[in-house]
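Here are my notes on the model, point by point. Please read them with the structure open.

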Amino acid sequence: MDQKAARVAATKAFKSGGMPLRKGHHRLGDPKSDDIVWYIDLRAQGAGPSAPLRFEIGCWVAALGHPEPEGGPVDCPLLLDRPVASTTPAEMGEEVGELVDLVSRLDSVGALGEALTSGDLGRPLVDQSLRTFLEQ
């Protein structure tokens, strides 16, 4: 599947899953009212239209007092890359749906801590401020 078709399918799936584009990033939650806000971008892993794609997933935690991430996932205290496995637009819609379901379930600091402990999120990069906060 070419990148353009993948991006169109992903954007439709994110929007229907409640993660429309906000400030150029798919966002679930509101930094002004929610404890946790998820950001997801679809990125190319290299140059050119045939480069493989990956999801860049970030989690912002209000209790840390960090400013809202202007750069999307990369500015979040938790950052996770997940390769795109889809080969058709329909598969992309399903894959995005599964990803939205996963982050939707992680709507509290407690749920995030459990997911990190159980390995549900794989091996994300977690900055020191979030690690320390979760250990309290």
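1. Buried means under 20% relative accessible area, exposed means over 50%, and partly exposed lies in between, with a 1.4 Å probe and protein chains only. S108 has 26% relative accessibility, so S108 counts as partly exposed. S108 sits in the loop between α2 and α3. Helices (H or I, at least four residues) and strands (E, at least two) are DSSP runs, numbered from the N terminus. S108 is 20 residues from T88 in sequence, and their C-alpha atoms are 33 Å apart.

2. A word on the basis. This is a predicted model: local features need pLDDT of at least 70, side-chain atom pairs count only at pLDDT 80 or more, and totals for chains, interfaces and linings use all residues. Residues are numbered from 1 along each chain as its sequence is written, and side-chain values use heavy atoms, with hydrogens and water left out.

3. Next, α1 against α2. Helix α1 covers residues 3-16 and helix α2 covers residues 89-105; their axes come within 8 Å and cross at roughly 40°. That angle makes α1 oblique to α2 (under 35 degrees is roughly parallel, over 145 roughly antiparallel, 65 to 115 roughly perpendicular, the rest oblique). Axes are lines fitted to C-alpha atoms, for helices over the stretch in contact, and angles run from 0 to 180 degrees between N-to-C directions. The crossing of α1 past α2 is right-handed (the near helix is turned clockwise from the far one by less than a right angle).

4. Which residues of α1 and α2 meet? From α1 come A6, A9, A10, A13 and F14; from α2 come P89, M92, G93, V96 and V100. Contact means heavy atoms within 4.5 Å. The residues of this contact are nine nonpolar, one polar and no charged. Here Ala, Val, Leu, Ile, Met, Phe, Trp, Tyr, Cys and Pro count as nonpolar, Asp, Glu, Lys and Arg as charged, and the others, Gly among them, as polar.

5. The largest nonpolar core holds 33 residues. Such a core is a set of buried Ala, Val, Leu, Ile, Met, Phe, Trp, Tyr and Cys residues joined through side-chain atoms within 4.5 Å. W38, F55, M92, L112 and L121 have the most contacts inside this core. Elements giving two or more residues to the core are α1, β3 (36-44), β4 (53-61), β5 (78-83), α2 and α3 (109-118). The most come from α2, with six residues.

6. Look at α3. A111, L112, G113 and A115 are buried there. Their cover includes β3, β4, β5, α2 and α4 (128-135). Leaving aside neighbours within four places in sequence, L112 contacts I36, W38, C59, V61, L78, L121 and L130. Just after α3, G119 takes a positive phi of about 85°.

7. How do α3 and α4 pack? Their axes are 10 Å apart, at an angle of about 105°. That makes α3 roughly perpendicular to α4. V109, L112, G113 and L116 of α3 touch L130, F133 and L134 of α4. This contact has six nonpolar residues, one polar and no charged.

8. One backbone check: K23 has phi near 55°, a positive value in a residue other than glycine. Most residues other than glycine have a negative phi. K23 lies in the loop between β1 and β2 (25-28). At 56% relative accessibility, K23 counts as exposed.

9. Last, G18. G18 is in the loop between α1 and β1 (21-22). Its relative accessibility is 35%, so G18 counts as partly exposed. Beyond neighbours within four places in sequence, G18 contacts R27 and L28.
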